[in-house]
Structures are given as C-alpha cells and as structure tokens.
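Subject: Structure handover

Hello,

Here is the structure you are taking over. Please have it open while you read the notes that follow it.

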Amino acid sequence: MLRPRIPVNPLPTGIVTPLVQPTTPTDIEPAACHHDHTPAPVTAAPRVQVPAVRLTPAGLVTLVAGGAGLVLIVGTVLVSMLLAVALTGVSIAVVAVVLRLLVRDMQKGR
C-alpha cells in the first residue's frame with residue numbers, strides 16, 4: 001500500500017510497458033455494512049434567468065460620456081501631481097543655489 005510506484009514512460013515505438021504490481025494477499029474481504037449504497041435521486045434545480053444588460057442609445061451616450069469624464073479627471077489629477085513635483089524640484093534647486101552663494105560669500109569674508 002505504501003510502496004512507491006515508478007511511472008512508466010511510453011517507448012518511442014508507442015508500446016507502453018505496464019507496471020509490475022507487487023503481489024499482495026487477496027483474501028482480505030471488505031467489511032460488511034447494513035445500509036444501502038445506492039445514490040440519492042438528484043432533482044433538477046430550477047433555472048434562474050438572469051436579465052441581460054440592454055443599452056439604449058441614451059444609456060450608451062451616458063456610458064461613453066461618463067468614461068470620458070473619468071479619464072479627464074484622472075488625467076488632470078496626474079498632471080497636477082507631476083506639476084507639483086516639478087515645482088518642488090525647481091524651488092529646491094533655487095534654494096540650493098542661494099545657499100551656495102551665501103556660503104561662498106561667508107568664506108570670502110565679505
């Protein structure tokens with residue numbers, strides 16, 4: 001029962017060699033039980049009909065307008081964030097130049 005089985009690969013000729021099963025005693029009988037093993041009858045489930053999505057021309061125009069509006073809003077937010085990052089970078093660069101000039105003036109002793 002717990003012995004490993006080696007898988008059999010088909011030969012290039014297409015002949016498959018079977019696994020050699022270890023010999024086990026076959027005098028073991030399954031335990032007898034006192035109940036019925038027939039499966040219970042299966043009843044067909046009622047089919048639920050899902051309503052299909054139907055777009056009217058006005059609904060289609062609304063859907064397209066809503067999608068375009070969403071794209072414009074997301075684009076505006078992303079561009080404003082990029083602009084904020086750019087302005088922050090420029091202001092930091094200006095501050096760095098001013099500080100550099102101040103340090104240079106202090107070293108010259110002015």
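Which segment holds L55? L55 lies in the segment before α1, the helix that runs over 57–108. Please keep in mind that this is a predicted model.

Is L55 buried or exposed? Its relative accessible area is 52%, and a residue counts as exposed when that value is over 50%, so L55 is exposed. Leaving aside residues up to four places away in sequence, L55 touches L60 and L63.

Now the chain as a whole. The protein chain has 1 helix and 0 strands. Of its 110 residues, buried ones make up 0%. The accessible surface of the protein chain is about 11200 Å², and carbon and sulfur atoms account for 71% of that surface.

What span should α1 have, and how far apart are its ends? The helix α1 has 52 residues, and at 1.5 Å a residue they should span 76 Å. The end C-alpha atoms of α1 are 77 Å apart, so the two values agree. Just after α1 comes G109, which takes a positive phi of about 85°.

There is also a patch to look at. L70, I73, V74, V77, L78 and M81 form a nonpolar patch on the surface. Together these residues have about 580 Å² of accessible area. One of them, I73, is placed in helix α1. Why does I73 count as exposed? The relative accessibility of I73 is 55%, and the cut-off for exposed is over 50%, so I73 falls in that class.

Regards

Key
Residues numbered from 1 in each chain as written. Predicted model: local features only at pLDDT ≥ 70, side-chain atom pairs only at ≥ 80, totals over all residues. Heavy atoms only, no water. Helix = DSSP H or I, 4+ residues; strand = E, 2+ residues; numbered from the N terminus. Buried < 20%, exposed > 50% of the residue type's maximum accessible area, 1.4 Å probe, protein only. Contact = heavy atoms within 4.5 Å. Areas by Shrake-Rupley, 256 points an atom, 1.4 Å probe, with all protein chains shown as cover. Expected span 1.5 Å × (residues − 1). Patch = residues over 30% accessible without salt bridge, like charges linked within 9 Å, V, L, I, M, F, W, Y side chains within 5 Å. Salt bridge = Lys/Arg side-chain N within 4 Å of Asp/Glu carboxyl O.
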